[in-house]
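Colleague: Please take one part of this model and go through it closely. Then set it in the context of the whole chain.

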Amino acid sequence: MFDEESTRIRKQQKFLQDVEHAISDANREIIQAHIPRLDKASFVAFATRVAELRAEYLKAALAAAQGNDAVEYTALRARREAFEEAKAAFSALERAIERGYVDIAGAG
């Protein structure tokens, strides 16, 4: 019974490792087709744009707090959504880099 359970667990672990490897390969292949190489300048430009969107959102929030105009809050929502989407995309790109899905120009 113990040997059967050990064998089953090893098979499951092997299966999961194989699947994880296949998923990693697929991510790398697909992402590199869209982003063949990332350099420091483009990565910093992206980070800078996220910072700008954050600033625009916060500025709009402070302006909306000064008035009672529903239009200001509609604009605020749009700025928040833009910032949150950019922030999420930046995090996804960082994760793709960490997992080796994106080639880094000049990385050694």
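Modeller: Start with helix 3, residues 70–98. Helix 3 has 29 residues and reaches 42 Å from its first C-alpha to its last. That is close to the 42 Å expected at 1.5 Å a residue; the expected span is 1.5 Å times one less than the number of residues. Helices here are DSSP runs (H or I, at least four residues), and strands are E runs of at least two, numbered from the N terminus.

A word on the basis. This is a predicted model: local features need pLDDT of at least 70, side-chain atom pairs count only at pLDDT 80 or more, and totals for chains, interfaces and linings use all residues. Residues are numbered from 1 along each chain as its sequence is written, and side-chain values use heavy atoms, with hydrogens and water left out.

Back to helix 3. Its buried residues are Leu76, Phe83, Ala86, Phe90, Leu93 and Ala96. Buried means under 20% relative accessible area, exposed over 50%, and partly exposed in between (1.4 Å probe, protein chains only). An α-helix has 3.6 residues a turn, so residues three or four places apart point the same way. The buried residues of helix 3 pack against helix 1 and helix 2 (40–66). Contact means heavy atoms within 4.5 Å. After helix 3 comes Gly100, with a positive phi near 80°.

Now helix 1, residues 2–34. Phe15 lies in it. Phe15 counts as exposed because its relative accessibility is 54%.

At 34% relative accessibility, Ala26 counts as partly exposed.

Last, the whole chain. It has three helices and zero strands. The radius of gyration is 22 Å, well over the 13 Å that the globule rule gives for 108 residues, so the chain is more spread out than a compact globule. That radius is taken over C-alpha atoms; the rule is 2.2 Å times the number of residues to the power 0.38. Buried residues make up 14% of the 108.
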